[in-house]
Amino acid sequence: MNENSNKKQNKGGRTLKTDPSIHRHVFRLTDEENAKLLSLFEASGMPNKAKFIISLLFSKEMKSVKIDKGTVDFYMRLTSFHSQFRSVGVNYNQIVKLLYKNFSEKKAAAFLYKLEKQTAEMAMLCQKIIQITEEFEAKHLKKQS
């Protein structure tokens with residue numbers, strides 16, 4: 001019986017904080033101010049508004065990431081185009097092997113000549129794509145110092 005009296009009884013519930021937030025402040029905003037506050041809050045990625053407002057008040061570091069949907073779309077299309085370009089290169093190697101395997105040298109050379117013309121056009125197209133990409137990066141992706 002002595003052992004039971006030495007143990008603390010658990011009252012249940014949540015453990016108390018060492019420094020609870022007990023002070024409350026209320027302020028009112030216009031529609032325009034509220035919209036600006038909400039847009040800043042969404043851009044910050046913080047879990048709740050109270051912590052966001054406290055970080056603004058006490059000048060704690062606040063991170064904001066802006067995602068440009070046009071840039072993301074351009075990047076995704078460029079990536080898919082690059083994968084298609086690589087698959088064309090793989091097919092090119094397979095065609096050359098099949099030409100020499102299934103046709104005479106003269107016929108294979110004629111087909112390779114046509115293939116070379118198409119390859120030259122593709123190389124010019126690739127240079128244009130690289131130029132457009134560099135222009136896009138210069139205009140939209142590079143930060144101005």
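I began with burial: buried residues make up 8% of the 145 residues in the chain. Buried here means under 20% relative accessible area, exposed means over 50%, and partly exposed lies in between (1.4 Å probe, protein chains only).

I noted the basis next. This is a predicted model, where local features need pLDDT of at least 70, side-chain atom pairs count only at pLDDT 80 or more, and totals for chains, interfaces and linings use all residues. Residues are numbered from 1 along each chain as its sequence is written, and side-chain values use heavy atoms, without hydrogens and water.

I looked up the fold. I found 5 helices and 0 strands, running α-α-α-α-α from the N terminus. Helices are DSSP runs of H or I with at least four residues, strands are E runs of at least two, and both are numbered from the N terminus.

I checked contacts (heavy atoms within 4.5 Å). Among those between residues at least 6 apart in sequence, 29% join residues at least 24 apart.

The chain exposes about 14400 Å², and carbon and sulfur atoms supply 56% of it. Areas come from the Shrake-Rupley method with a 1.4 Å probe; for residues, only the protein chains shown count as cover.

I then looked at Met76. Met76 sits in helix H4 (residues 69-102). Is Met76 buried or exposed? I call Met76 exposed because its relative accessible area is 54%.

Last, I listed which helix gives the largest share of the lining of the largest pocket. Helix H3 (residues 49-57) does, with 6 residues.
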